[in-house]
Amino acid sequence: VKAGLVGDSYTTKGTVVGLTGSGFLIEEGGSYIYVYLKAIPSQAVGDIVEVTGTTTTFGGAVQFGSDSVVTKINTITVTVPTANELAGTAITNYADNFAVGDYIEITGNLIVDGTYVNLILADTTVKGSLQSLSTELDLSTYNGKDVIVKGYVLYVSGSTTKYLNLLVTDIEEVQAVTYDTIAEVKAGLVGDSYTTKGTVVG
């Protein structure tokens with residue numbers, strides 16, 4: 001399907017591995033394709049589905065369009081893969097050579113901007129654009145917080161600023177580190193464990 005002529009009609013099947021507010025991602029034999037329904041999906045993770053529809057391209061990725069007809073065949077248990085952690089320049093380079101369905105982990109500050117949920121990333125001009133089915137994973141509750149996000153890559157949108165679009169399956173807030181002052185460490189019990197920070201002066 002992905003190697004075929006865009007705009008033609010295809011029938012394929014795959015396992016639903018993730019949901020957004022407007023579609024779902026399926027996997028079959030290690031290949032992934034996003035089904036853009038332009039509506040909240042009725043499918044669930046683990047559903048084996050048959051999809052018939054015409055293909056389109058968006059954000060450098062081939063996907064099924066909103067005319068797709070989806071039929072459930074069966075249900076299985078989905079095992080989430082191990083995430084590939086990306087940061088800084090590795091994200092910049094990856095955005096130029098992404099693959100749909102790659103399961104990655106990125107860390108940044110989550111900002112809700114209207115209907116968009118973005119992730120401000122350090123040491124790169126690329127931003128994260130996060131998607132989920134809000135009834136299952138409400139990303140807006142993390143607005144303004146530093147978070148660690150895991151999910152499947154869908155596509156890269158934007159021209160001046162690139163947005164790495166991620167179907168989020170897991171999110172957690174970065175826990176702030178509590179430091180002991182140097183004075184507290186020196187006054188504390190020798191042999192105990194402490195965490196401190198300071199500036200090297202010599």
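This is a predicted model: local features need pLDDT of at least 70, side-chain atom pairs count only at pLDDT 80 or more; totals for chains, interfaces and linings use all residues.
1. Lysine 145 comes out as partly exposed, with a relative accessible area of 32%. Glutamate 173 is also listed as partly exposed, with a relative accessible area of 32%.

2. Another of them joins aspartate 96 to lysine 162, with the closest N and O atoms 2.3 Å apart. Aspartate 96 is in the loop between α1 (89–95) and β8 (103–113), and lysine 162 is in the loop between β11 (146–157) and β12 (163–173), so this pair ties together parts 66 residues apart in sequence. Aspartate 96 is partly exposed at 46% relative accessibility, and lysine 162 is partly exposed at 30%.

3. Then there is aspartate 47, which forms a salt bridge with lysine 72, the closest N and O atoms being 3.5 Å apart. Here the link runs between strands: aspartate 47 is in β4 and lysine 72 in β6 (residues 69–75), distant parts of the chain 25 residues apart.

4. Besides the salt bridge to lysine 72, the side chain of aspartate 47 reaches the backbone nitrogen of alanine 44 at 3.0 Å. Leaving out residues up to four places away in sequence, aspartate 47 touches Gly14, Thr15, Val16, Lys72, Asn74 and Thr75.

5. Now strand β5 (residues 61–64). Side chains in a regular strand alternate between the two faces of the sheet. In β5, Ala61 and Gln63 point one way and Val62 and Phe64 the other way. Which of these residues are buried? All of them are.

6. What does β5 pair with? Strand β3 (residues 31–36) runs parallel to β5, joined by 2 bridges, and valine 35 stands opposite phenylalanine 64. Strand β4 (residues 47–58) runs antiparallel to β5, joined by 4 bridges. Threonine 56 has glutamine 63 as its bridge partner in β5. The hairpin of β4 and β5 has 2 residues between the strands, and glycine 59 in this hairpin takes a positive phi near 60°.

7. Two other backbone angles deserve a look. Most residues other than glycine have a negative phi. Lysine 38 has a phi near 60°, a positive value in a residue other than glycine. Lysine 38 is in the loop between β3 and β4 and is exposed, with a relative accessible area of 62%. Aspartate 123 also has a positive phi near 60° in a residue other than glycine. Aspartate 123 is found in the loop between β9 (116–120) and β10 (127–131) and is exposed, with a relative accessible area of 68%.

8. Last, the aromatics. A search of the whole structure gives 3 aromatic pairs. One of them is phenylalanine 58 with tyrosine 155, an edge-to-face pair at 4.9 Å centre to centre, with 85° between the planes. This pair links distant parts of the chain, with phenylalanine 58 in strand β4 and tyrosine 155 in strand β11, 97 residues apart. Phenylalanine 58 is partly exposed, with a relative accessible area of 43%, while tyrosine 155 counts as buried at 10% relative accessibility. Tyr32, Tyr103 and Tyr152 form one aromatic cluster.

Key
Residues are numbered from 1 along each chain as its sequence is written. Side-chain values use heavy atoms; hydrogens and water are left out. Buried means under 20% relative accessible area, exposed over 50%, partly exposed in between (1.4 Å probe, protein chains only). Two strands pair if DSSP finds at least two bridges between them. A salt bridge is a side-chain nitrogen of Lys or Arg within 4 Å of a carboxyl oxygen of Asp or Glu. Rings of Phe, Tyr and Trp (its six-membered ring) pair if their centres lie within 6.5 Å; planes under 30 degrees apart count as stacked, over 60 as edge-to-face and the rest as tilted. A polar contact is a pair of N or O atoms within 3.5 Å; within protein, one must be able to donate a hydrogen and the other to accept it, and residues adjacent in sequence count only if both atoms are side-chain atoms. Contact means heavy atoms within 4.5 Å.
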